[in-house]
Amino acid sequence: MATLGNRRNTAEIIDKYHFSFQKKFGQNFLVDSSILDKIIESAQVTKKDCVLEIGPGIGTMTQRLAEEAGEVIAVEIDKNLIPVLQETLSAYDNVTVINADILKLDLNQIVEERAGKPVKVVANLPYYITTPIIMALFERKVPLQSVTIMVQKEVADRMRVGPGTKEYGALSLAVQYYAKPEIITRVPASCFMPKPNVDSTVIKLTRYENAPVKAEDEAWLFAVIRASFNQRRKTLVNGLANAGSLGVDRKQVEDALAEMGLVATVRGETLTLEQFAELSNRLLQEHRNTI
Ligand code: SAM
């Protein structure tokens, strides 16, 4: 089987299977071997690793991962790609292709059953569900070492920025709570077939063994963060007091902020992760006292 990752061989496979690209699945296949090299190198995959690939497409990256990793689990939603993958991956006995929606799979079970060891995620993600995939990987506590992914440039920027920037929000805080983000390379739209409307970035998220801040209840911390950014133009007090699910009132939020030396008109986008952790711990206390 000829290696993929270039325009000619990709077009040949597409023609052979009369494959039509599905926009709804975010299908833009990588056709640049130097970008592929950078992704594989930065993911630092070894024979000891199990790799989870989300959206293998026609198997471009999967072939390279199969050569480097002990085992590869590739989850592809589009059933029309399964026969293609059977051909392009026929030389490898360490790849399992699962035809499913990544968001509906019990990833913990799959990882446990097939690998039983920490996993490295490597993927050129479908952009329409980038954030839900990242949140699912972290929040469901899939045992991960690292996540090396191609995402839309703006999303990569949101993952790594700090307070006071317009890109800063719930995704930045979630990613930085769980992992250290590192930009690997920018990728122009011309490296894909078909060419998307946006540029991309490869970003590597290396999972922290211990979170950088102490949150008494992680789920509560993220509920506070989400409520803080739900209504971006409102003050933090309004955002949190209006979030019925938290069950805290204006006075409780104002008191918690005052105890932290913050004014009542402060906005969520100015708070650091440490401040969010402290605020959420204080509000949790208030919440527990009132129930
Ligand atoms: N890895 C290939 C490459 O680099 O050329 C394809 C990347 S393409 C951007 C995204 C892939 O994810 C497509 O193959 C698409 O069918 C698949 N996909 C989209 N939504 C998915 C989902 N919910 N679960 C699993 N795969 C999905």
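Me: Why is Q44 called exposed?
Reply: In this predicted model, Q44 has a relative accessible area of 52%. Exposed means over 50%, so Q44 counts as exposed. Q44 sits in the loop between α2 and β2.

Me: What makes the backbone of Q44 worth a remark?
Reply: Its phi is positive, about 50 degrees, and Q44 is not a glycine. Most residues other than glycine have a negative phi.

Me: Where is H18, and why is it called exposed?
Reply: H18 lies in the loop between α1 and β1 (29-30). Its relative accessible area is 73%. The cut-off for exposed is over 50%, so H18 qualifies. H18 also has a positive phi of about 50 degrees, although it is not a glycine.

Me: What makes the bond between M193 and P194 cis?
Reply: Its omega is about -10 degrees. Most peptide bonds are trans. P194 belongs to the loop between β8 (192-193) and β9.

Me: Why is the contact of K16 and E87 called a salt bridge?
Reply: The N to O distance between their side chains is 2.9 Å. The limit is within 4 Å, so the pair counts as a salt bridge. K16 lies in helix α1 (residues 7-16) and E87 in helix α4 (residues 82-88), so the bridge ties together parts that are 71 residues apart in sequence.

Me: Is E87 buried, exposed or partly exposed, and what makes it so?
Reply: E87 has 23% relative accessibility. Buried means under 20% and exposed over 50%. E87 falls in between, so it is partly exposed.

Me: How do you know that D49 and K120 form a salt bridge?
Reply: Their closest N and O atoms are 2.9 Å apart. The definition asks for within 4 Å, so the pair qualifies. D49 is in the loop between α2 (33-43) and β2 (50-54), and K120 is in strand β5 (residues 119-124). They are 71 residues apart. Both D49 and K120 are buried.

Me: Why does the pair E216 and R288 count as a salt bridge?
Reply: The closest N and O atoms are 3.6 Å apart. That is within 4 Å, so the pair counts. E216 is in the loop between β9 and α9, R288 in helix α12, 72 residues apart.

Me: What makes E216 and R288 partly exposed?
Reply: E216 has 45% relative accessibility. R288 has 41%.

Me: How many salt bridges does the structure hold, and which residues are linked in a network?
Reply: There are 14 salt bridges. K153, D157, R160 and R186 are linked in a network of them.

Me: Why are α8 and α9 called roughly antiparallel?
Reply: They pack at an angle of about 155 degrees, with axes 9 Å apart. Angles over 145 count as roughly antiparallel, so α8 is roughly antiparallel to α9. The crossing of α8 past α9 is right-handed.

Me: Which residues make that contact, and of what class are they?
Reply: From α8 come A170, L173, A174, Y177 and Y178. From α9 come E218, L221, F222, I225 and F229. By class, nine are nonpolar, none is polar and one is charged.

Me: What makes α8 a mostly covered helix?
Reply: Eight of the nine residues in α8 (residues 170-178) are buried. These are L171, S172, L173, A174, V175, Q176, Y177 and Y178. Their cover includes α6 (130-139), α7 (153-160), β7 (179-187), β9 (200-207), α9 (218-230) and α12 (273-290).

Me: How do you know whether M159 is buried or exposed?
Reply: Its relative accessible area is 0%. Buried means under 20%, so M159 is buried. M159 is in helix α7, where V155, A156 and D157 are among the buried residues too. Beyond its neighbours up to four places away in sequence, M159 touches residues including I134, L171, V175, P181 and L205. Cover for the buried residues of α7 includes α6, β6 (144-152), α8, β7 and β9.

Me: Why is Q252 called buried?
Reply: Its relative accessible area is 9%. The limit is under 20%, so Q252 is buried. Q252 is in helix α11 (residues 250-259). Not counting residues up to four places away in sequence, Q252 touches G247, L283, E286 and T290.

How values were computed: Residues are numbered from 1 along each chain as its sequence is written. This is a predicted model: local features need pLDDT of at least 70, side-chain atom pairs count only at pLDDT 80 or more; totals for chains, interfaces and linings use all residues. Side-chain values use heavy atoms; hydrogens and water are left out. Buried means under 20% relative accessible area, exposed over 50%, partly exposed in between (1.4 Å probe, protein chains only). Helices (H or I, at least four residues) and strands (E, at least two) are DSSP runs, numbered from the N terminus. Contact means heavy atoms within 4.5 Å. Axes are lines fitted to C-alpha atoms, for helices over the stretch in contact, and angles run from 0 to 180 degrees between N-to-C directions. Angles under 35 degrees count as roughly parallel, over 145 as roughly antiparallel, 65 to 115 as roughly perpendicular and the rest as oblique. A crossing is left-handed if the near helix is turned anticlockwise from the far one by less than a right angle, and right-handed if clockwise. Ala, Val, Leu, Ile, Met, Phe, Trp, Tyr, Cys and Pro count as nonpolar, Asp, Glu, Lys and Arg as charged, and the others, Gly among them, as polar.
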